[in-house]
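Here's a quick tour of one chain, going from the overall layout down to a few residues. Have a look at the model first, then read on.

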Amino acid sequence: MNEAILGVLLLAVGLLLAFRGYAALRAVIAVWAALVGFFVGSGLTVALTGQADLGSPTPWIVGALVAVVFGFAAYAFYALSVAIGMGSIGFALGTTGMAALGVRWSWLVVLAGLAIGLLLAILAIAGDLPMVILVVLGAFAGASAAVAGVLLLAGMLAAGDLTSPQTTRALDLGWPWTVLYVGIAAAGILTQLRTPGARRGTLRGTWSD
């Protein structure tokens with residue numbers, strides 16, 4: 001049951017970010033931030049309590065509370081929206097890229113994700129990024145979440161794997177999953193770039209609309 005719920009959530013939010021990130025930027029980043037908040041809250045709870053997975057109600061409750069806080073903050077405040085949204089997108093891209101390169105040392109994967117996430121957040125806050133950059137980055141991050149959702153629904157990932165530092169060591173996906181990942185990202189980019197504003201707008205201007 002846990003895998004089915006999380007799988008559907010990840011798939012839905014991932015596809016939303018990949019295909020509709022530009023059209024409803026503020027709402028999409030808020031939803032994405034809420035999802036990030038859930039995994040931050042539940043992951044910390046699992047780590048602090050020593051639980052093996054998300055099998056008990058406590059990680060779900062804490063995760064839901066943190067999700068509400070993250071989602072509201074991202075919707076209400078531009079700087080927090082950019083920091084949470086771009087930071088988490090960068091983290092997703094960094095960890096996915098390291099895993100795709102065959103890197104299995106979990107701390108190296110996490111550090112790479114944090115570094116890329118921090119860099120994107122700083123660049124986005126310091127400058128007014130063109131929307132086309134967010135479209136591309138969001139499509140790939142959304143594809144990562146969507147593929148993770150499919151893996152959960154297919155039984156290739158467990159709910160506890162999403163909060164475990166050992167996941168990148170054990171997960172070994174074949175080329176069909178890479179094709180699916182790239183295909184979702186490419187389709188999302190092409191779909192969003194059909195809108196003129198996605199090609200010419202800026203992050204701050206679109207967020208304020």
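Helices (H or I, at least four residues) and strands (E, at least two) are taken here as DSSP runs, numbered from the N terminus. With that settled, the chain reads α-α-α-α-α-α-α-α-α-α from the N terminus on; that's ten helices and zero strands.

Some ground rules: this is a predicted model, where local features need pLDDT of at least 70 and side-chain atom pairs count only at pLDDT 80 or more, while totals for chains, interfaces and linings use all residues. Residues are numbered from 1 along each chain as its sequence is written, and side-chain values use heavy atoms, with hydrogens and water left out.

**Whole chain**

Buried means under 20% relative accessible area, exposed over 50%, and partly exposed in between (1.4 Å probe, protein chains only). Accessible areas come from the Shrake-Rupley method with a 1.4 Å probe, and for residues only the protein chains shown count as cover. A contact means heavy atoms within 4.5 Å.

| Chain quantity | Value |
|---|---|
| Buried, of the 209 residues | 44% |
| Contacts joining residues at least 24 apart, among those at least 6 apart in sequence | 78% |
| Accessible surface | about 10100 Å² |
| Carbon and sulfur share of that surface | 74% |

**The core**

A nonpolar core is a set of buried Ala, Val, Leu, Ile, Met, Phe, Trp, Tyr and Cys residues joined through side-chain atoms within 4.5 Å. The largest one has 40 residues, and Leu10, Trp32, Met86, Ile89 and Leu203 touch the most other members. Helices giving two or more residues to this core include H1 (2-20), H2 (25-49) and H4 (78-100), but the largest share, twelve residues, comes from H6. Zoom in on Ile89: leaving aside residues up to four places away in sequence, Ile89 touches Leu17, Trp32, Leu134, Leu137, Gly138 and Ala141.

**Helix H3**

H3 (residues 57-76) has 20 residues and reaches 29 Å from its first C-alpha to its last. That's close to the expected 28 Å, which is 1.5 Å times one less than the number of residues. Its buried residues are Pro59, Trp60, Gly63, Ala67, Gly71, Ala73 and Ala74.

**Gln192**

Gln192 is found in helix H8 (residues 175-192) and is buried, with a relative accessible area of 4%. A polar atom of the Gln192 side chain lies 2.6 Å from the backbone oxygen of Ala18.

Note on methods:
A polar contact is a pair of N or O atoms within 3.5 Å; within protein, one must be able to donate a hydrogen and the other to accept it, and residues adjacent in sequence count only if both atoms are side-chain atoms.
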